Amino acid sequence: MSSFRTFLHSGHGPTLFAAFLYFSFSCCIWVLNGAMAPFIGETFDLSPAQKGLMLSVPIIAGALMRFPLGILSQYIGRKNATLVEMGLIAVAMLFGFFFVKSFNDLLAMGVLLGIAGASFGVALSLGSGWFPPQHKGLAMGLVGAGNVGTAVSVLVAPPLAQWLGWQAVYAVAAAAILVPMVVMVLFAKEPPDVDSHASFREHIACLFEKDGWVFSLIYGVTFGGFIGLITFLPSYYYDQFGVSKVQAGQLTMLAAFMGAAVRIVGGWISDRWGGVNTLTVVLLVVAVGLVLVGISSASLALTTLLLILCFAALGAGNGALFQLVPLRWPTSTAVAGSMIGEIGALGGGLVPNAMGLSKQYLGSYVWGFVFFGVLSLVMLGVMRVMQIRWTRTWAEKGGRARTTTVSSQANFASGEVKRGARP
């Protein structure tokens, strides 16, 4: 407790809390269509492929909006950018309440839900901005635990949809977003770690390097799998096991909460054991676990236990990957993390589509799970090949921090850019 108090005193606790609350509410709203998918699918009589498309649109839109929101935050400040975004979220929710009358309207609503999904980079930067370098990792982990908002969404939205009607849930969300807005206005302070405006080239520099693409693709498996599965699971439980719409949300919540909670633990373990070692275990567990989920579709209890295990691994993987980012890009962690977060989050759009297409054209969801499991193994192989060079240059064996100075690591990073390394 004393060490945690020391951590809080080293920065600005109210801003950290405001950023966490903002990110939690954003995650909650981002996956609303997934949480209410059984109700929506019944209303519009959607095919499995249509459900997959509906669920993937908010994920893809949210990923693509992360970069523009990050740029906006540079010019008007991170606190102001969060207020602009939350205001737009409220307007988007009112659109959902008043104007969603067809499947095409539903897809448009999915794009608007993506506004909430753009919050990741700004939330982490705002929450950790007041803290010194030795505590930024923990601060980012605590804000990142706002992923728990996805668990709240799948737990709360189905009962509300059953009671009020699913479109009325959008109106409830429009009112609820006022809570983090008020907290942000009253308690958050703009951090002092303001850099000069970076050029577009500087923002995407990591994508001109092999490491940037490898990190992005791994994050596409860990976070993409996390957010993609959360949006899909209410539909899966409802269709596959015949549970009620509310029970489908409750079962999804168990896995979602585990993934959000273990994210902090994943970063803590990686600091001590190494991010590469942690990710090796994570990707193996995800690959084996998802294949077992696919072939255990006759047992609700076994499926739920396996999914909780998979989500724990995915959460740990998210924390482990962002333990490695500041080691590889010590002087441009924020921009590298922003781009990796954006590209990686796009991977989440694959999951609902793969599941829907597998069910519609192959008659079972199992091949969707197998596809993602194989993808995890592929990324494990790529990472193990790349880590040979990583441990010779910027990381210790297993992906722990090197004992060399930050300046020497920065020289390596800048040298990579100067050599024009390409994927």
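**Aromatic contacts, salt bridges and enclosed space**

F23, W30, F120, Y219, F223, F226, F311 and F322 form one aromatic cluster. The structure is a predicted model, in which local features need pLDDT of at least 70, side-chain atom pairs count only at pLDDT 80 or more, and totals for chains, interfaces and linings use all residues. Residues are numbered from 1 along each chain as its sequence is written, and side-chain values use heavy atoms, with hydrogens and water left out.

Aromatic pairs in the structure number 27. Rings of Phe, Tyr and Trp (its six-membered ring) are paired if their centres lie within 6.5 Å; planes under 30 degrees apart are stacked, those over 60 are edge-to-face, and the rest are tilted. The pair F7 and F131 is stacked, because the ring centres are 4.7 Å apart and the planes stand at 15°. F7 belongs to helix α1 (residues 2–9) and F131 to the loop between α8 (120–128) and α9 (133–144), so the pair ties together parts that are 124 residues apart in sequence. Helices (H or I, at least four residues) and strands (E, at least two) are taken as DSSP runs, numbered from the N terminus. Both F7 and F131 are buried, a term that denotes under 20% relative accessible area, whereas exposed denotes over 50% and partly exposed the range in between (1.4 Å probe, protein chains only).

The rings of F232 and Y365 have their centres 5.4 Å apart and their planes at 70°, so this pair is edge-to-face. F232 lies in helix α14 and Y365 in the loop between α19 and α20, 133 residues apart, and the pair thus links distant parts of the chain. F232 is buried at 3% relative accessibility, and Y365 is likewise buried at 6%. An aromatic ring also takes part in a contact with a charge: the charged end of K245 sits over the ring of F39, 5.3 Å from its centre. For such a contact, NZ of Lys or CZ of Arg must be within 6 Å of the ring centre and within 35 degrees of the ring normal.

Side chains of opposite charge can pair when their charged atoms come close. Six salt bridges are found in the structure, each defined as a side-chain nitrogen of Lys or Arg within 4 Å of a carboxyl oxygen of Asp or Glu. A network of salt bridges links E209, D211, R328 and R389. Because R328 is in helix α17 (residues 300–328) and D211 in helix α14, the pair ties together parts that are 117 residues apart in sequence. R328 is buried, with a relative accessible area of 0%, and D211 is buried with a value of 0%. D211 also forms a salt bridge with R389, the closest N and O atoms being 2.6 Å apart. R389 lies in helix α20 (residues 366–393) and D211 in helix α14, so parts 178 residues apart in sequence are tied together. R389 is partly exposed, with a relative accessible area of 29%.

A further salt bridge joins D239 and K51, whose closest N and O atoms are 3.1 Å apart. This pair links distant parts of the chain, with D239 in helix α14 (residues 210–241) and K51 in helix α5 (residues 48–76), 188 residues apart. D239 is partly exposed at 35% relative accessible area, while K51 is buried at 14%.

Rolling a probe the size of a water molecule over the atoms shows where empty space is left. On a 1 Å grid over the protein atoms alone, a cavity is a set of points where a 1.4 Å probe fits but cannot get out; a pocket is an open set with protein on both sides within 12 Å along at least five of seven lines, and lining residues have an atom within 4 Å of a point. Grid points are joined across faces, edges and corners, and a volume is the space filled by probe spheres set on the points. One cavity of 30 Å³ or more is present, and the largest cavity holds about 60 Å³ of space. Its lining includes K51, D239, F232 and Y365. The helices α5, α14 and α19 (350–362) each supply at least two lining residues, with α5 giving the most, four residues.

The second largest pocket has a volume of about 270 Å³. Of its 17 lining residues, F25, C28, V152, V156 and A176 lie nearest its centre.
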